Every structure is written in structure tokens, then in C-alpha cells.
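Please keep the structure open while working through each task and its solution.

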Amino acid sequence: MISPIVLEVCVVCLGIFLLMAESFSVKSNKVVLAHGAIFGLLSVFVMSFFIEANPAQMQSSGFYVVDGLSLFFKRFALLSTIITLILAVDYLPIVQRLVPSAKPGAGTGEFFVLPVFTCAGLMWMASAADFIVIFCALELVTISLYVQVAYMRRSLASLEAGTKFLILGALSTGFFVYGITWIFGMTGQTGLAEIQRNLTINTEANQMAILFGLGMVLVALGFKIAAAPFQFWVPDVYQGAPTPITAYLAVASKAAGFLILIRVLEPFFTVVAFQPKLILVLALLSGLTLIYGNLAAIPQTNFKRLLGYSSIAHAGYLLAGLAAIGDAFAGRAVVFYLCGYFLMTFLAFLVLIPVTKATGGDDIAHFNGLGRRSPTLALAMLIAAASLAGVPFTVGFFGKFFIFESIINQHFYGLALIGIVTVASGFYYYFKVIRAMYWMPPAEDAAPVTISRLSKSAMLICAILIVVLGCYPQLLMRILP
Amino acid sequence: MPTLAHYLIVSGLLFALGMAGVLLRRNLLIIFMGLELMLNAANLSLVAFSRFNLGPDGMPNYNAQVFVFFIITVAAAEVAVGLAIIVALYRAKQTTHVEDLNTLKF
């Protein structure tokens, strides 16, 4: 049996090893690095099935928890990093063109290595049980993502996206730390379990100060998960960042934000005085996010930007699930939604990259006539868009269905109404992509669309899983924590 | 004799100053200085809380003081990456003003 922390250590060692290999090898073909990283992460994924469940020394440390949820999110992080690397291999020609280098191919190695470090941060975050660990893991993820977003130094859009992400990310870090300070000041502890204990023993502690600190932390996490009104960085950063990194931000970074949100809110939900206030705040945030994300997506013409707004909208559904956390089923509904979101978002990005390579852009207009030029890609995109919109027989439908079920069980009828209306508006903007693919004539000078074998198999797996889980959601439900 | 409240007021002022810098100034470097000020405000109040709220055994909770070192280290890493991005932006655009960041539009 393997100790649980070995997983993270292995991922960090893999990253350092790949960096060394990158610096000292004479080979200029950096794709080998990506294949090494994918293989290494896959081995860690396999290892994660053989770890010791809940060893005693980890339980008593108070810094690191090993439970079903943390293990599940570690696998989630590993798989999303693997797909990001597959996307990155496909995207390499564009990165090479936009990175200044002395000789062709130089300066692109780190593009494959940085996601590995981000993955280690995500995995630590999944197990963090103390504000110190949460902070360090969160910063490992965020700082390595700053570099990745601004990676294409000859593209003004990428640099600008990186700068905006940097300023707003650092701002949210400031809020996060200051919030932690007040929570520490009022409870005297940094560990989440000890905070929970102190909150239940010491009920006359200054509640205003604790709520102030918690509010600051919520603002910071709102930035990370892209909840309105802290969502304004999302469209710009999603559009400007290299496409694989956009996918990574949309899936892994958001899922990690939600996990931290669940973990941080847990001690405070047990206090009777806080619970109704927190649920009200979550429900309000969710309603705002749903309305903003879905309405602002309607006029978009750039596909990456559209996916940015759509990811805001999905954050709204997930927050609605969190607001209904009193329902016994809501936690699993949120995790199920995240899994579905993982599949359909990555599938959309897997299709987007070959299209960008063939047509030179990522507007919706670049999808024109894809149905004739490459029927399989168009079919994959059709499945992704249908699932994102929530058409029945896709995993997206059941994700939304389970969330609505829990919010109606908790009697949030207003929120459920907003949710159903915004789903309808979602149909409209995802349909724009489908219309471009099947009803518009292709551009005259379009190059043929080619797909690499690796991304073709990833696409196939995602598409099949979306449809299969859309018909038999209990297959996934059974293995969720 | 300064009390906990004095430290908290200074730290709150530092935080507000930092945030005002981020929101009001238009130069990226000054904005970045504001961000660092916000982190240091948190450091000050962490140490103050830890020093003044002693545990039952008369010892402060040292977790918070160690946390301060982590924050300082992370802030240094953030500055290293952040300044590199700002320098790259300056090379490409010859400006560090936020108004000039207008390539990405609705």
C-alpha cells in the first residue's frame, strides 16, 4: 500500500524531471516531453487506486485529509491535466509561432511542464484541511497559471489576458488572506476541523467579525470559480489565453475552486446562526451568475468568449447546487455536474483546436460548413453543444436535472425558475454554433481539417461517455463519493 | 502601550490603501504595489492576532506566524512572475497603463 501523499510527490518529481530533461537534452522535439508527462500522470492515476485509505498519521496531522472526495478530485485533476496536455500537443504549431525563440522549437518545452506543476497544486488542494495548505496549494495553481495564460509572448491578446488575470488573481489572493486573518483572529485556529470545534464551543464569539472574514474569503473564491459579480476577468482571459490553457482554467481551476468552497463552508454550515445567511448569499450569487452568464453569452461571436460566458453560467448551476446543500442529494448532484462539465467542455475544446488550426481563428464564423468539411468533428461538436445546453440523453441534461431536483426539494422556487429560464436562453447561443456548422457554407480558402490520433481517441472517449452517461447516469452516480 | 485594536486599525488602513491603489491608479506597477500592500496588511494582523490572543497554556498559536512566512514567500513568487509578465507586455506594447489594454473587446 502507498501513502496518499506519494501521489503529489510523484507529480512534483515528474515536473522537475521533465524540466531537467528539457534543459539538458539536445533534442529539439518537445512533443516527447508532453508524451512523457501524459505517461507519468497516467501512472500516477493508476497508482491512486492502490493507496492506503485513511492512514492514522495523516488524520492526526490536521493539515491533510484523505477521504473519498479528495481522492475523487485528485483523479479529476490528473485526468484534466492529461487532456490539457493532449490539447497542448495539438496546439503546439500556434504556440511555436507566437513565442520568440532563437531557433525553431525553442522555448516551448515549459508549455508542457507547467501544467504538471499546476496539477500537483490541484491535488494538494483536494486534500487541504488547513488554511495554510489551502493558501499554498491555491497559489501554486494560480501562479503557474499566470505564466501559462501569458505564454504566447508575441500575441498581444495572450499578454493582455495574462496581465488581467495576474492583477485580478492577485487581488483575490489579497482578499483571501485578509479573510483568513479575521477568521483566525476570531477562532484562534487555522485548521478547518479546529475552527469547527471552536465555533461550536465558543458560540458568543464576535459573529460580525467572523462573517466579515468569511465574506472576504467568499469574494476571493468567487473570483476563482467565476461567479457574478466577480466574473469580469473571465471573458477576456478565456479569449486571450492559449486554447488548451483556457480549457484547463474552465475545468480544473473551477472544479478546484468549488472543492475549496465546499471545504471552507463546511465548518460554518454547522453553526445554526450562520447557516441561513450563508445559504441566502449562495442563492443570490447563483441567481446573479445564472442571469449574467446566460444573457451576456447571447450576443457573442467569438467561440472561446462564448465558452467563457457559458462557464460563468455553469458556475451558476453549481452554486445553486451548493445553496441546496441541506438536501442530502445535493453534494452528489454537484459532483455529478462537475464530471459532466469536464466531459463536455473538454470535448468542445478538442474540436475547437483542429478548427482553429485549419481556419486560423476561433470565431463562431470559423465553424461555417464544418458539417460538410469534417462530419465527425461536427458530430462531436454537436454532442458537446447539446450536452452544454442540456438536451435530454446527454450527461448535461442529468447534471442540470439533479441540481434542479435538489433545489426544488429545498423549496428555492425562485432560483429554480431562474434556472429553467436561463437554460432556455442557453439553447439559443449553443444553437448558433450548430447552425454555423450545418447551415452555413464553408469559406472558400479553408484548409482541410486534420486531427491527431491522440486527440481523436480523447474525443471519442468524451463523446461516448457523454451519451452513455446521458442514458444511464446511475453508472457514474454509483462511484461518486 | 499599543493594544490589539491599534494593530488591527493600522492593518485595516494598509488594506484599504492597497485596495484604493488597485482600484484608482492606472499604472500597472503602482497597482502591483497596492496588491503587495494588501498582503502585508494581512501579515500584520495575523501576527497581531497570534501575539495577543494567547492560548490556554499562555503560548501564542504559532501556526499563524508560520503562515506569515508562507505569505511572504508566495508574494515574492507572485512578484517575480508578475513583473516578468509586465515587462513582456511593455516590450510588446511600450506601455504599462491599463487604459491601453484594449485588444480584447466585447
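**Exercise 1.** In which crossing, left-handed or right-handed, does α4(A) pass α19(A)? Describe the packing of this helix pair and the residues that make the contact.

*Solution.* The coordinates are those of a predicted model. In this model, α4(A) passes α19(A) in a left-handed crossing. The contact is made on the side of α4(A) by Ile83(A), Ile86(A), Val89(A) and Asp90(A), and on the side of α19(A) by Leu454(A), Ser455(A) and Ala458(A). Sorted by class, these are 5 nonpolar residues, 1 polar and 1 charged. For the geometry, α4 spans residues 68-98 of chain A and α19 spans residues 453-471 of chain A, and the two pack at an angle of about 140° with their axes 9 Å apart. The two helices are therefore oblique to each other, since only angles over 145 degrees count as roughly antiparallel.

**Exercise 2.** Carry out the analysis for helices α5 and α6 of chain A, and determine how α5(A) is oriented relative to α6(A).

*Solution.* Helix α5 (residues 110-127) and helix α6 (residues 131-149) of chain A pack at an angle of about 160°, their axes being 8 Å apart. That angle makes α5(A) roughly antiparallel to α6(A). The crossing in which α5(A) passes α6(A) is left-handed. Among the residues that make the contact are Phe117(A) and Trp124(A) of α5(A), together with Leu138(A) and Val141(A) of α6(A). By class, the contact of α5(A) with α6(A) has 14 nonpolar and 4 polar residues, and no charged ones.

**Exercise 3.** Which element gives the most to the side of domain 1 of chain A that touches domain 2 of chain A?

*Solution.* The domain assignment divides chain A into domain 1 (1-165 + 228-259) and domain 2 (274-481), and their C-alpha centres lie 22 Å apart. The contact takes 28 residues from domain 1 and 33 residues from domain 2. On the side of domain 1, the elements that give two or more residues are α4, α10 (234-240) and α11 (243-269) of chain A, and α4(A) gives the most, with 13 residues. The residues of this side divide into 20 nonpolar, 6 polar and 2 charged.

**Exercise 4.** How many residues of chain B are in contact with chain A, and which elements of chain B give two or more of them?

*Solution.* In chain B, 34 residues are in contact with 33 residues of chain A. The elements of chain B that give two or more residues to this side are α1 (4-24), α2 (28-52) and α3 (62-93), of which α3(B) gives the most, with 16 residues. By class, the side of chain B that touches chain A has 25 nonpolar, 7 polar and 2 charged residues.

Conventions: Residues numbered from 1 in each chain as written. Chains lettered and ligands numbered in written order. Predicted model: local features only at pLDDT ≥ 70, side-chain atom pairs only at ≥ 80, totals over all residues. Axes fitted to C-alpha atoms, helices over the stretch in contact; angles between N-to-C directions. Helix = DSSP H or I, 4+ residues; strand = E, 2+ residues; numbered from the N terminus. Parallel < 35°, antiparallel > 145°, perpendicular 65-115°, else oblique. Left-handed = near helix turned anticlockwise from the far one by under 90°. Contact = placed C-beta atoms within 7 Å. Nonpolar A, V, L, I, M, F, W, Y, C, P; charged D, E, K, R; others polar. Domains from an automatic or database assignment.
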